[in-house]
Amino acid sequence: MLDRTQTVAATVLDHSECAAIFQQHRIDFCCGGQQSIEAAARAKGVDLEALLTELGRAIDERRGGGDDPRELATPQLIERIVAKHHQYLRKALPFVQMLAAKVARVHGDHNPKLPVLDVAVRELAEALGPHLDEEEHDLFPSLTAAAPERARQATLLAAMHQEHLAVAKLLERIRAASEDFTLPPWACNSYRTLFSELQQLEGDVFAHVHLENNVLKPRFDA
Ligand SMILES: [Fe+2]
Ligand SMILES: [Fe+2]
């Protein structure tokens, strides 16, 4: 059984299969990951015992599988972040932005939250695009430089962390405007695709930010 006083971030570090379960319960494990499982469950009104059982079951199912990102050297960790998560976002963001605009245009009269969702998705894309560029062009090269400049690394890491908090806020707005990705019975294919893409995007961003905040950043927090 998991220790309920352990932090959410540490739980996902030890057991990546717990990420999806925290996401389902709207528990943030990347930016809000420093709270205990107990405190996080309380804050979201989630039954703690049921959550611990669910997490325990996922851990048992996955036991032995999956690798540990903490064992990767920093250049390999960065390579994984870029190849997996940055590449994904560069493809997914224009697509969801297009879908959000279309669904808002066609069904906005029917559901006034759709234009609100469209704005939040656009803001997310506008925040994440430059964020990925900064990481790839400034932060990551600085972290792997042969002659590291510690002060510059610290400044860039602090900026990264702040931007992640802003991204988490935008994801919350997307959750709220989509009512937790709940589809009305009349939702068309675009509407359905938008919500499933957004839910996938949320999960991927959480996993991505978790690697940067909780695996990469602590290596440089002297
Ligand atoms: Fe990133
Ligand atoms: Fe990031």
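## Core and domain layout

The largest nonpolar core holds 53 residues. Val8, Val12, Phe29, Ala100, Leu117, Ile174 and Leu194 have the most contacts inside this core. The model is predicted.

Helix α8 supplies the largest share, twelve residues. Domain 1 and domain 2 both contribute, so the core lies between them. In soluble globular proteins, nonpolar side chains tend to be buried together.

Ile174 gives a local view of the packing. Leaving aside residues up to four places away in sequence, Ile174 touches Leu117, Ala120, Val121, Leu124 and Leu198. Leu117 is, like Ile174, among the core residues with the most contacts.

| Item | Residues |
|---|---|
| Domain 1 | 8-62 |
| Domain 2 | 69-219 |

The C-alpha centres of the two domains are 20 Å apart. Their contact draws twelve residues from domain 1 and 13 residues from domain 2. On the domain 1 side, α1 (8-14) and α2 (18-24) are the elements that give two or more residues. That side comprises eight nonpolar, two polar and two charged residues.

How confident is the prediction? The protein averages a pLDDT of 94, and 99% of the residues score at least 70. Confidence is lowest in helix α4 (residues 48-62), with a mean of 89. Helix α6 (residues 113-143) has the highest, at 98.

Definitions and conventions. Residues are numbered from 1 along each chain as its sequence is written. Chains are lettered from A and ligands numbered from 1 in the order in which they are written. This is a predicted model: local features need pLDDT of at least 70, side-chain atom pairs count only at pLDDT 80 or more; totals for chains, interfaces and linings use all residues. pLDDT is the predictor's confidence in each residue, from 0 to 100. Helices (H or I, at least four residues) and strands (E, at least two) are DSSP runs, numbered from the N terminus. Domain bounds come from an automatic or database domain assignment. Two residues are in contact if their C-beta atoms, placed from the backbone, lie within 7 Å. Ala, Val, Leu, Ile, Met, Phe, Trp, Tyr, Cys and Pro count as nonpolar, Asp, Glu, Lys and Arg as charged, and the others, Gly among them, as polar. A nonpolar core is a set of buried Ala, Val, Leu, Ile, Met, Phe, Trp, Tyr and Cys residues joined through C-beta atoms within 7 Å. A residue is buried if 20 or more other C-beta atoms lie within 10 Å of its own, exposed if 12 or fewer, and partly exposed in between; C-beta atoms are placed from the backbone.
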